[in-house]
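Subject: Structure handover

Hello,

Here is the structure for your files. My notes on it follow below.

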Amino acid sequence: MDFLRKKIDKLKPQFTKGGKFEKLQSVFEGFEAFLFVSDKVTSKGSHIRDSIDLKRTMTVVIIALVPALLFGCYNTGLQHFRSVGTDPALFQAFWFGFIKLLPLIIVSYVVGLGIEFIAAQIRGHEINEGYLVTGLLIPLIMPIDVPLWMLALAVAFSVILGKEVFGGTGMNVFNPALLARAFIFFSYPGWMTGDNVWTEGLTKGVNVIDGYSGATPLSMLATGDVSNLPSFMQMFVGTIPGSVGETSVIAILIGAAILLITGVGSWKIMLSVFAGGIGMGLLLNAVSVNEYMELPFYYHLAMGGFAFGAVFMATDPVSGAQTERGKWIYGFLIGVLSVLIRVLNPAYPEGVMLAILLMNVFAPLIDYYVVQANIKRRLKRAKVTLNTGVK
Amino acid sequence: MPGSIKLKKGFDIRLEGIAERKIAGTVSPALFGVKPIDFPGLTPKLDVHIGDSVEAGSSLFHDKLQPEIKFTSPVSGKVVSIDRGDRRKILEVVVEKSGNSAVDFGKADPDKLSETQIKEVLLRSGLWPAVRQRPYHVIANPNDHPKSVFISCFDTAPLAPDYNFILENSSGEHFRKGLKAVSKLTKGKVNLVLKHGDAGNKVFEGIGGVEISYFSGPHPAGNVGVQIHHLDPVNKGESVWYVNIQDVITIGRLFAEGIYRPERLIALTGSEVVVPQYYKMVSGGSIAPMLEGNVKDGGLRYISGNVLTGTKIERNGYLGFYDSQVTVIPEGNYFEMFGWALPGIGKLSYSRTFLSSLFSKKKYKPDTNFHGGERAFVVTGLYEKVFPMDIYPMQLLKAIIAQDIDMMENLGIYEVAEEDFALCEFVCPSKIEIQSIVRQGLDLIRKEMS
């Protein structure tokens, strides 16, 4: 440990202004901060500081994503082997999926962090930790067959136009991970919709057995194919085609538990997204005119990216509502809109992504009205004092 | 209990090194310092030169903008140095103690004095700065008429001195006299705020003419700003004044004995103090004598005040004007490998992201390390959990950073002080210097309004 520390201290001058590698200062400092928590001490204000920092916060989110990631690996393998008509062993399926998923994760991190490093150097800031989470979220909401160049392009788009132009982590309007997905959804719709992209190898169609359908429950419903819908239990466990990390509600709920126990994720947003989804589902059940609307309301919570979006996407503190009262409204409307878009707009089978991005836009407006209520309360109090003449 | 207010938001930071309820003795340092930097927004103008002889109560410097506000020597002796910082800013005026002479301000019964007479004595004796005001959390403007006066009778800050213990060991007569004098400063109510369940102190028996309220809850329930917010909030154009309880006693002594003698009980606290206990000392004294042989080895941070809002001083530095506490904690200038990734069994945190959160009764000995680098605002909803006011802390901070005067006003800047934001600063994972931002905002709006 001391050896490493000495090495860093020796190298440091070359990476500071005037040194040989001054252009890599941010990168160097980023790695240094990764290895060692800085020796900086307080000088003004509070003399002691909480042990938590953003690295810790982000690490907790990454840990919470691990169950979904592991299950995503397994399910990727499972779906592949099913499509070629074999029944894999647990580890075989997992390993297959892991090997397929790894390039996606690597591309996501290399491209995203690369841009972050450059942006940090230009601004002369330290490197932000925000992308550590985004970089893992993006592969988890992609179809496994997405081409790597497309993924790289989507990541570059979301990081540069979604985040860096606004000033980096903490300043962005949209959830960067969802922006990457939306980019592919609108630019290359063939790779984000349909029945073939969700299972590894299906787009090439080699060795696929007859009768295997890679359709997700949502696309089945969008095309009116209700009879082949997997059971609720299958959707809850997650052994169905879908984006890598979104299929297993159980894995997501374990992640949710980690976020809630540590207090890193907002329980208000999670709860209200589910409440909104249930509310809208019940409403549609009540006024149902077709089979999709008749679908039991709780199916919506287990299908597609609803649970994943509620737990990992809607709870992004930067792009979501920032006031506590606002969070209730924000989450509830995400739930309502998700189900509404799914059921009433067959062109967009997955409503969660669009619902969250739309509510990202409205979050500042919600906050505005919540804060205005506080301001009005204060003004009213001042007027009451003036009128009664108490001084 | 009547008028009891229960606060839920906040956080009690449990630290090692609370002062035992025992007075170790009286310390008489040789050097005393009066520090203009203890008074935010003050432009000092010197009244003495190096080598001048002064008595207790002689003016050392005064406020350039309001010359009637004087800052006087706490002891008699000789001015030995005037330390300056950047741009010749006066940091401290140091007096070497000799003799016991004091300026005679005349004994008087505050009951028989008018408001103007009381103000005049307080201003002349150098005790006026003990009276502070919201808005801006600065020395009260003597030409104002506050709608009420507040005295917080307990402190919830980490390792804070126990005011009940201090009252038991101070003159009840002085306290009552001081209270009478302070009462004359307003036509409105004088609010004594006690900790819920703390009615037992004899000093408060039979006190008339004051309104007693009770507060309970975690820190910052003892902050006078929080109490004002809940009992008599400050609107635009109004002001509320407040005085520390030990200063009330000093004011009482001024009227009882006719001299300025700011002697008080100081809690020496912190994990690096061998025997944390109380000392009797005149305000402004060097802390070196009480630390003699009573602190542990290693790089140490000496704080006049508590760990959240206190001022960093040297080992031979001087106790701040408003402080009743000295805290000594370890410095944190070391690198910690993978510090952010460790399970963190012994780590102090408000969050539940470290294993230490499983042990709720454990006491900590944190150091001065930042535990991270400064970032933009990311996490939301966290400040609100430790900020027991009907104010949006993050929105207000952003308005201050943007220098949006209207928005600062709308969001309640008149009600807050940097100390109310101390816990926000402590818990902030983005390591933002929140107290400095609040002070900048207060200074800005004060300038704008004058």
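Two strands pair if DSSP finds at least two bridges between them. Helices (H or I, at least four residues) and strands (E, at least two) are DSSP runs, numbered from the N terminus. With that in hand, Phe61(B) stands opposite Phe71(B) in E7(B).

Some ground rules. This is a predicted model: local features need pLDDT of at least 70, side-chain atom pairs count only at pLDDT 80 or more, and totals for chains, interfaces and linings use all residues. Residues are numbered from 1 along each chain as its sequence is written, while chains are lettered from A and ligands numbered from 1 in the order in which they are written.

The sheet in chain B

Strand E6 (residues 59-63) of chain B pairs with E7(B) over three bridges, in the antiparallel sense. Both belong to an open, antiparallel sheet of three strands, ordered E4-E6-E7 (chain B). Strand E4 (44-46) and strand E7 (70-72) of chain B are the edges; each has a single partner strand, so one side of each lacks a neighbour in the sheet. On average, neighbouring strands of this sheet are turned by 30° against each other, direction ignored.

Chain B overall

Chain B has 10 helices and 21 strands. Its C-alpha trace spans about 65 × 50 × 50 Å along the principal axes. The radius of gyration, taken over C-alpha atoms, is 21 Å; this agrees with a compact globule, because 450 residues would give one near 22 Å. The globule rule is 2.2 Å times the number of residues to the power 0.38. Of the 450 residues, 53% count as buried (20 or more other C-beta atoms within 10 Å of a residue's own, C-beta atoms being placed from the backbone).

The interface

In chain B, 64 residues are in contact with 52 residues of chain A (C-beta atoms, placed from the backbone, within 7 Å). H9(B) supplies the largest share of the chain B side, four residues. Strand E1 (residues 36-37) of chain A also pairs with E21(B), antiparallel, over two bridges. There, Val37(A) stands opposite Glu336(B).

Domains of chain A

The domain assignment, automatic or from a database, gives domain 1 (2-35) and domain 2 (54-374) of chain A. Their C-alpha centres lie 37 Å apart. Seven residues of domain 1 of chain A are in contact with five of domain 2 of chain A.

Best wishes

Key
Contact = placed C-beta atoms within 7 Å. Buried ≥ 20, exposed ≤ 12 C-beta atoms within 10 Å, placed from the backbone. Axes fitted to C-alpha atoms, helices over the stretch in contact; angles between N-to-C directions.
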